[in-house]
Amino acid sequence: MLDGAPVPFEPGQTVLQAALAADRYIPHLCYHPEFRPHGSCKLCTASVGGRLVATCTTPAEAGLVVDSETPQLRDVRRTLVQMLFAEGNHFCPSCEKSGNCQLQAQGSDLGVTTAGFRHLYPDRPIDASHPDAWIDFNRCVLCELCVRASDEVDGKHVFALAGRGLTKHLIVNAPSNRLGDTTFAASDEAMQVCPVGAILPKRVGFAVPIGSRRYDQRPVSAQALDDAPRPAGRSP
Amino acid sequence: MTESALPEGGLRRVAIDPLSRVEGHGKVTLLLDEAGIVRQARLHIVEFRGFEKFIQGRPYWEVPVMVQRLCGICPVSHHLAASKAFDQVVGATRLTPTAEKMRRLMHYGQMLQSHALHFFHLASPDLLFGFDSDAGRRNIVGVAAVHPELARRGILLRKLGQEVIRMTAGKRIHGTGAVPGGVNRNLSRADRAELGALVPDAIDWAGEAIGLVRSLFEANLPLYREFATFPANRLSLVRADGAMDLYDGLIRARSPQGETLLDDVECGEYWNYILEEVRPWSYMKFPYLKALGPERGWYRVGPLSRVTNCDFIPSPRAEAARREFLAFDDGRAARATLGFHWARMIEMLHAAEVIGELLEDDDLSGTELLAGGPRTARGVGVIEAPRGTLIHHYRVGEDDMVVRCNLIVSTTHNNESMNLAIREVARRFIDGRTLTEGLLNHIEVAIRAFDPCLSCATHALGQMPLALELLDADGSVVGRLRRD
Ligand code: SF4
Ligand code: FES
């Protein structure tokens, strides 16, 4: 049961996967249908049997009572997004990911209009050593999608997270810690998955106008349902 | 005359303490000499320092969008100047016709909206009600009460400019229409027709605004002729054939007598001809022509320089208006500081004419948007922004990140001229050693003629927050006046 209505599921599905496959949206950021769930952003938090848990890592079971669309949970998610914004340097008007960025899209879906927290304004240098890609660590939300993509799809292990808490950060697999010294290639899956503007191809910038981008057309909730894998025979 | 040209004796220099500057205010210091005559005026402007640093280390393709944060009133000019600079970096020595025309349209839209805003919202209240009139009335609301049709037209003219920007840049502010090597959009025929329908009225109204400035000159000739006026070199871009061109061209400078000081200078070579002087009391540098040196080489930019520097304006009605302006009062209006307003309206008319012409051009709906070629490491983009010549200069590293950048904005070029204009006004209107509201108002009108992009100029429409300070020959403050 999700928000009072029954949701079918298949063995091995998580609550989030089952919901999305049934055309029921639960906000999420670090979850990606092609990768093993990671459970770090907590945006998918819902009340499962009265407890708040990350639905992307909670297996679906018969008889579970899940509440997601409640005012309290909306507040929680809004706060989480505000914290992500405050932890990095996200300046949407001049960011080339604007309109394609999931953090921005979640912010607008959830109605985040104010900062909420004092911004930390970290000073993180960018890595432009690779000929075809660059990393702006100021925008990394530590979702580990690039780590998973490089490990699981590219088989290269280019990325990893190091440190804890506020000092947690993304590192790359080279003694110099420079992307240009790794085996990373622009054709890697890890190049594609970053939900924000942290790993970007070079020299693309604003070639696609703001206004014709992914989340300019449809909100992130609708996009996520389009992208969700569905059991054979069920269409969105 | 610059301060370094002055004899040392009797003139005290004070370096301002950064803490004493008034945020969001223009601050003016008047220095008296021993005889109690205003020797020098200094306009202290809070400038966007540090921006150059901010851009260093960022990818070049981000910069044309980012630089729009420099200025709330002419972001499009920065957007285009930076894009022009990075055209060179990506090897786009020639843009596609669609890209070139889309950018021109965007730029003339910006010119229209900025000039309309300045004239109708900021300048017309001073001019219509008198420099000394009640400050509460000197705003667009006051104008609307007495001249409703004029105010309405001002608003609609500005709106057309804003619509042009929105359709070419994608947004009214922080647009992304221009990208290194071209643009990221074209205009549909329907959009062109929709905008084009608004142009004939705009042309008529701009023509009438010129008539209004002329009638103000006629009614107040002695005052307008003299007010804040002094001889100045002038600098602007002109097209290779001498025509006015606000988007691109070659650098030309002329003396007050009309002698050519610079001509046909390629924008990329500006740094061989223009240097910048630093003075201890000002955050804003003082540019000058290298050949003449800092004392004589300062110059004025903006509408008045452009209208008097070009050989002709390539649109019929604006060209007729230019000739009329140059002939008026034996050429004195074209030398007067208040002639800025007249020249600005001529440019507004020209912008409306150019917009109309461009909108009929099918190239705007073309699909070839980007050009490229061999990469280079350096780019200089120069454009005639509403307030005058704007220079963006970048060096890009092999990793595509900006290594160095130098910007010279319009208001900086006019730095010395604004100080002199204020000095002229102060000499004429100061009453002994007391600072009066009347003096403050007159100084405000003089500054406003240049349409500087002071942070304060954008704050309050109609009233400029201004602080005035009078120092006598030994440097002690003998008067202070402040208006918020
Ligand atoms: S770089 Fe992007 S994909 Fe990788 S952890 Fe940071 S936000 Fe996630
Ligand atoms: S989507 Fe579940 S924790 Fe991020």
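Helices and strands are here DSSP runs, helices of at least four residues and strands of at least two, numbered from the N terminus. The model to which the exercises refer is a predicted one.

**Exercise 1.** Determine where A:Arg203 is found in chain A, and whether A:Arg203 is buried, partly exposed or exposed.

*Solution.* Begin with the secondary structure: A:Arg203 belongs to the loop that runs between strand S7 (199-201) and helix H6 (214-217) of chain A. Next take the backbone, where phi of A:Arg203 is near 60°, a positive value in a residue other than glycine. Most residues other than glycine have a negative phi.

**Exercise 2.** Identify the residue of chain B whose side chain meets that of A:Arg203 in a salt bridge, and describe the interface of chain B and chain A.

*Solution.* The partner is B:Asp400, at a distance of 2.5 Å from N to O. Across the interface of the two chains, the rule finds 4 salt bridges, and the side of chain B that touches chain A comprises 7 nonpolar, 4 polar and 7 charged residues. In terms of contact, 18 residues of chain B meet 19 residues of chain A, while the area buried between the chains is about 1500 Å², with 62% of it on carbon and sulfur atoms.

**Exercise 3.** Characterise the shell around ligand 1 by residue class.

*Solution.* Of the 13 residues around ligand 1, those that come nearest include A:Cys140 and A:Glu144; by class, the shell has 12 nonpolar residues, 1 charged residue and no polar ones.

Notes: Residues are numbered from 1 along each chain as its sequence is written. Chains are lettered from A and ligands numbered from 1 in the order in which they are written. This is a predicted model: local features need pLDDT of at least 70, side-chain atom pairs count only at pLDDT 80 or more; totals for chains, interfaces and linings use all residues. Side-chain values use heavy atoms; hydrogens and water are left out. A residue is near a molecule or strand if one of its heavy atoms lies within 4 Å of it. Ala, Val, Leu, Ile, Met, Phe, Trp, Tyr, Cys and Pro count as nonpolar, Asp, Glu, Lys and Arg as charged, and the others, Gly among them, as polar. Contact means heavy atoms within 4.5 Å. Buried area is the accessible area (1.4 Å probe) that two parts lose on being put together, summed over both.
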